[in-house]
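Here is my note on the model, as numbered points. Please read it with the sequence and structure open.

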Amino acid sequence: MNKRIFWLVIFCLTFSALMIINPDKAQSETIYVFANKNVADSALSQADIQNIYLGKKDKWDNNQGINFTALSQGNCYEAFIREFVGRTPFQFQNYWKKQIFTGKGQPPRGFDSVTELVDYVSRTTGAIGFSCTPPDTGKVKVLTIK
């Protein structure tokens, strides 16, 4: 019986140490939301961002179409989806599979790197994207989150 308690204590201590040493990175990312410089809006609410990335808001305040983009994977993608869209990456992917299947929309265009994403947003009218590194403000406009 003492051996079982010993191993249980060792397991609990190891697990606790791992949680302290390696906290979930996705929870601590700084996320920058940015848009094409020609986008009239300079600030968005969390609800606006959620509606954009769920395909429920497709026009900027000046009636210009929204072209939404995303990173394809990684800690930044996970943090953004959790914080701004209010879903897990799995839920987000399933949501878009259902939207595609029912003909109600297309998911954001995905990019493997921030450089590709920023370049696309800078060249595309109405485009919006995000990253966890500050984007080149010479190319895109960083939006304020209200």
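In what order do the elements of the protein chain run from the N terminus on?

1. Element order. The elements of the protein chain run α-β-β-α-β-α-α-β-α-β-β-β from the N terminus. That gives five helices and seven strands. Helices (H or I, at least four residues) and strands (E, at least two) are DSSP runs, numbered from the N terminus.

2. Basis. This is a predicted model, in which local features need pLDDT of at least 70, side-chain atom pairs count only at pLDDT 80 or more, and totals for chains, interfaces and linings use all residues. Residues are numbered from 1 along each chain as its sequence is written, and side-chain values use heavy atoms, with hydrogens and water left out.

3. Chain totals. The protein chain has 146 residues, and 36% of them are buried. Buried means under 20% relative accessible area, exposed over 50%, and partly exposed in between (1.4 Å probe, protein chains only). Among contacts with a separation of 6 or more, 73% join residues 24 or more positions apart. A contact here means heavy atoms within 4.5 Å.

4. The sheet. Five strands form an open sheet in the order S4-S3-S5-S1-S6, and the pairing is mixed. Its edge strands are S4 (109-111) and S6 (140-142), each of which pairs on one side only. Neighbouring strands are turned by 30 degrees against each other on average, direction ignored. Two strands count as paired if DSSP finds at least two bridges between them. Axes are lines fitted to C-alpha atoms, for helices over the stretch in contact; angles run from 0 to 180 degrees between N-to-C directions.

5. Strand S5 and its partners. S3 (residues 67-71) and S5 (residues 127-131) run parallel and are joined by two bridges. Asn67 stands opposite Ala127, and Phe68 faces Ile128. S1 and S5 run antiparallel, with four bridges between them. There, Phe34 has Gly129 as its bridge partner.

6. Cover on S5. Five of the five residues of S5 are buried. Both faces are covered: Ala127, Gly129 and Ser131 lie on one side, Ile128 and Phe130 on the other.

7. Helix H5. Which residues of H5 are buried? In this helix (residues 114-123), they are Leu117, Val118, Tyr120 and Val121. Seen down the axis, the buried residues fall within an arc of 165 degrees, so they line one face of H5. The arc is that of the directions from the helix axis to the C-beta atoms. Exposed Thr115 and Arg123 sit on the face turned away from the buried side. The buried residues of H5 pack against S1 (32-36), S3, S4, S5 and S6.

8. Leu71. This residue belongs to strand S3. Leu71 is buried, at a relative accessible area of 8%. Leaving aside neighbours within four places in sequence, Leu71 is in contact with Cys76, Tyr77, Phe111, Ser113, Val114, Leu117, Phe130 and Ser131. Leu71 and Leu117 are 46 residues apart in sequence, yet 7.2 Å apart in space, C-alpha to C-alpha.

9. The core. The largest nonpolar core has 36 residues, and Tyr53, Trp60, Phe80, Phe92, Ile128 and Phe130 touch the most other members. S1, H2 (46-53), S3, H3 (75-85), H4 (89-101), H5 and S5 each give two or more residues to this core. H3 gives the largest share, seven residues. A nonpolar core is a set of buried Ala, Val, Leu, Ile, Met, Phe, Trp, Tyr and Cys residues joined through side-chain atoms within 4.5 Å. Not counting residues up to four places away in sequence, Phe92 touches Tyr53, Leu54, Tyr77, Ile81, Val85, Arg87 and Pro108.

10. H2 on H3. These helices pack at an angle of about 115 degrees, with axes 8 Å apart. H2 contributes Gln46, Ile49, Gln50 and Tyr53, while H3 contributes Phe80, Glu83, Phe84 and Val85. By class, the contact has five nonpolar, two polar and one charged residues. Ala, Val, Leu, Ile, Met, Phe, Trp, Tyr, Cys and Pro count as nonpolar, Asp, Glu, Lys and Arg as charged, and the others, Gly among them, as polar.

11. Asn63. Check this backbone: phi of Asn63 is near 75 degrees, a positive value in a residue other than glycine. Asn63 lies in the loop between H2 and S3. Is Asn63 buried or exposed? Asn63 is exposed, with a relative accessible area of 58%.
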